[in-house]
Amino acid sequence: MGILVENVSKQFGSFKAVDQVNLEIKSGSLVALLGPSGSGKSTLLRLIAGLEMPDSGKIYLTGNDATSQSVQQRNIGFVFQHYALFKHLTVRQNIAFGLEIRKKPEQKIKGRVEQLLELVQLSGLGDRYPSQLSGGQRQRVALARALAVEPSVLLLDEPFGALDAKVRKDLRAWLRRLHDEVHVTTVFVTHDQEEAMEVSDEVVVMNKGRVEQVGTPAQIYDNPATAFVMSFIGPVNVLPSSSKIFQSSAFESSNPQVFLRPQDVIIEKMANGATAAATVNRVIHLGWEIQIELNLDDGQVVTAHLTRDRFDQLELEPQQRVYVKPKDAKSFPVYYSI
């Protein structure tokens, strides 16, 4: 067992930040806490770290009850969004800091620092100061510093939030490779769905202080447990079940709302008994795919995503009449707004 959270709650005034959360994170796994602002993901991370104490419930780390332990007793590595590096220390000194506080032998510290510099691909930059590094390099130094003390658990709070999109993408691929080398139990907080899906073994989707669903990226995307999960993970059309696009197809639902992924909207140039009429409102070229905005005859607006090959076959243009049907759709008893 890596981390076990049992019925944990945390309240700030009248606000329930974490509400009776139960969660098990396997040893050696890389798990994302995903959710919108205010969902409780950062508070849960801080509770695991010992930076906040729960109002109720228990937290176990590597099989031991850590609920009342201090941060120092938990053997946690923590990486913040804004690096939190010591500006007056070199890269090498920043990485060595935790080991020096623990009074490790000087030779052991030196060897561990050089090992980590190579691991985070910063060999040769050990004598530089944080101000002489790029944002991505500073974040790698922060990760190396957290790993230096050989933590049982590594926690990252929006680790790439302060970086631009290209650097973020490069670093999350690097983080996945790094984790596959060190295999330390890792939990990271993000509100970026793509980041969570790309990097993690499992995703914990949170909303209003509670866990909505836990699963692999494929499970979360293909089999969402609630309307909130489906609406938060990836783009989706939310339509009334009375819409003509469903009346013309075999799909039936007793619930008032139906969720339809853009890639599951099939567009044809000719009508058949299973299609509904629509008008192309807008064509948006996204590079790897084409986004089509459609107006159904019943007034509903639907977004479809097409491959470039399929778009070229259809030769779609604004104001063109087309016919659509759902390939797959899902409905849920209750819809949670984000």
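This is a predicted model: local features need pLDDT of at least 70, side-chain atom pairs count only at pLDDT 80 or more; totals for chains, interfaces and linings use all residues.
**Around H2**

I began just after helix H2 (91-101), where Lys103 takes a positive phi of about 60 degrees. Helices here are DSSP runs of H or I with at least four residues, strands are runs of E with at least two, and both are numbered from the N terminus. Residues are numbered from 1 along each chain as its sequence is written, and side-chain values use heavy atoms, with hydrogens and water left out.

I found Val91, Asn94, Ile95, Ala96, Gly98 and Leu99. Their cover includes helix H3 (106-119) and H4.

**Cores**

Leaving aside residues up to four places away in sequence, Ile95 touches Val113, Leu116, Leu117, Val141, Ala144, Arg145 and Ala148, where contact means heavy atoms within 4.5 Å. In the largest nonpolar core, which has 44 residues, Ile95 and Leu154 touch the most other members. I take a core as a set of buried Ala, Val, Leu, Ile, Met, Phe, Trp, Tyr and Cys residues joined through side-chain atoms within 4.5 Å. H4 gives this core its largest share, seven residues. Another core lies apart from it, with 25 residues, including Val5, Val18, Val187 and Val204.

**Strand E3**

Is E3 buried or exposed? Five of the five residues of E3 (residues 30-34) are buried, so the strand is largely enclosed by the rest of the structure. I checked both faces: Leu30, Ala32 and Leu34 cover one side, Val31 and Leu33 the other, and all are buried.

For pairing, I ask DSSP for at least two bridges between two strands. E3 runs parallel to strand E8 (residues 185-190) over five bridges, with Leu33 opposite Val189. Four bridges link E3 to strand E9 (residues 202-207), also in the parallel sense, and there Ala32 has Val203 as its bridge partner.

**Pockets and the cavity**

My grid has 1 Å spacing over the protein atoms alone: a cavity is a set of points where a 1.4 Å probe fits but cannot get out, a pocket is an open set with protein on both sides within 12 Å along at least five of seven lines, and lining residues have an atom within 4 Å of a point. Points are joined across faces, edges and corners, and a volume is the space filled by probe spheres set on them.

The largest pocket holds about 560 Å³. Of its 21 lining residues, Ile76, Phe78, Gly98, Arg102 and Arg145 are the closest to the centre. Strand E6 (76-79), H2 and H4 (135-148) each supply at least two lining residues, and E6 gives the most, four.

The second largest pocket has about 350 Å³ of space. Helix H6 (residues 193-199) gives the most to its lining, three residues; Tyr221, Trp288 and Glu289 are among the other lining residues.

How many cavities of 30 Å³ or more are there? I found one, and the largest cavity has a volume of about 40 Å³. Its lining includes Leu147, Leu154, His179 and Thr186, and helix H5 (residues 165-182) supplies the largest share, four residues.

Note on methods. Buried means under 20% relative accessible area, exposed over 50%, partly exposed in between (1.4 Å probe, protein chains only).
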